[in-house]
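Colleague: I should like to go through the reasoning behind some of the assignments in this model. Please set each value against its criterion.

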Amino acid sequence: MELLQVKDITKVFPTPQGEDHVVLEDVNFSVNEGEFISLLGPSGCGKTTLLTMIGGFQEPTSGAIFLDGNEITGPSAEKGYVFQNYALFPWMTVEKNIAYGLQFKNMTQEEKNRRVDEMLQLANLKGHEEKLPIQLSGGMQQRVAVARALACKPRVLLLDEPLGAVDFQMRELMQNQLDMLVGKAGITVVMVTHDVAESVFLSDRVLVMGSSRGEILEDVTIRLPKPRDRDSEEYIGYVEHLTSLLRKAFGRTEA
Ligand SMILES: Nc1ncnc2c1ncn2[C@@H]1O[C@H](COP(=O)(O)OP(=O)(O)O)[C@@H](O)[C@H]1O
Ligand SMILES: [Mg+2]
């Protein structure tokens, strides 16, 4: 079943010179319930702009985005958002960070406590409730950010480069953790990334974006069981295919 539909999305920003900068033009795709899709593309191609419109933080210039058949007109608890570099509230404990969105919900304190506890279990953070973000490893900070986004039980989880700022070894570990966490939560995910291996490891489908106007160059279904074996021939085949598509996308910028 289709959960999310992105229909003819165009986004134009005015330049300081008063001209139109068309970042996205007539972008179309849909996401099925339970699917994990990645938007993969070179830096500056409009990935974050697209994701923030799905999140309801910005409006498209034209076109519309539908969640469960309803047009998205603003942020809501149905959309869990993890910002680039998983920005946590540095002055709040793990528990308070996770509980943050629940204050806007019509729930009793007991229900809220139970929900936070469920999220702590899910994200493997039991015993760290009272810590501040600065006392946590990068992987744990990421899990807090995802747990915070999941606490309101959204219909879709939106991740903007969730593994952006970490080194290679940490990255693979965090990919494993994210894969497990999202699998356990059984949620629909749209993730933005410029990292090919990350998109292959985590996604059911990868939409490859070109460098011009958000053009979707290819919609690649990754037909591999999870958890994925990074050394398998098929896995490496997908990485090579997507890398060559991206290389083409970069090539067009230079033209
Ligand atoms: N609020 C804005 N005003 C003007 N230009 C913007 C704004 N947000 C993004 N852009 C431009 O839109 C393009 C796409 O940006 P972005 O969506 O952040 O790309 P990505 O996430 O793929 O790196 C860039 O050229 C960026 O400068
Ligand atoms: Mg971005």
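Colleague: Which residues of α3 are buried, and what makes them so?

Modeller: The model is a predicted one. In α3, K112, R115, V116, M119, L120 and L122 are called buried, because each falls under 20% relative accessible area.

Colleague: What do the buried residues of α3 pack against?

Modeller: They pack against α2 (94-99), α4 and α5 (168-185).

Colleague: Why does the span of helix α3 agree with its number of residues?

Modeller: The helix has 14 residues (109-122), which at 1.5 Å a residue should span 20 Å. Its end C-alpha atoms are 20 Å apart, so the two values agree. After α3 comes N124, with a positive phi near 60°.

Colleague: What makes a set of residues a nonpolar core, and how many residues has the largest?

Modeller: The residues must be buried, of nonpolar type such as Val, Leu or Ile, and joined through side-chain atoms within 4.5 Å. The largest such core has 49 residues, and I98, L157, L159 and L242 have the most contacts inside it. Helix α4 (residues 138-150) gives the largest share of this core, seven residues. Apart from it lies another core of 26 residues, including I9, I72, L158 and M209.

Colleague: Which residues does L159 touch, leaving out those up to four places away in sequence?

Modeller: L159 touches F36, L51, V82, V146, L178, V189, V190, M191 and V192.

How values were computed. Residues are numbered from 1 along each chain as its sequence is written. Chains are lettered from A and ligands numbered from 1 in the order in which they are written. This is a predicted model: local features need pLDDT of at least 70, side-chain atom pairs count only at pLDDT 80 or more; totals for chains, interfaces and linings use all residues. Side-chain values use heavy atoms; hydrogens and water are left out. Buried means under 20% relative accessible area, exposed over 50%, partly exposed in between (1.4 Å probe, protein chains only). Helices (H or I, at least four residues) and strands (E, at least two) are DSSP runs, numbered from the N terminus. Contact means heavy atoms within 4.5 Å. The expected span of a helix is 1.5 Å times one less than its number of residues.
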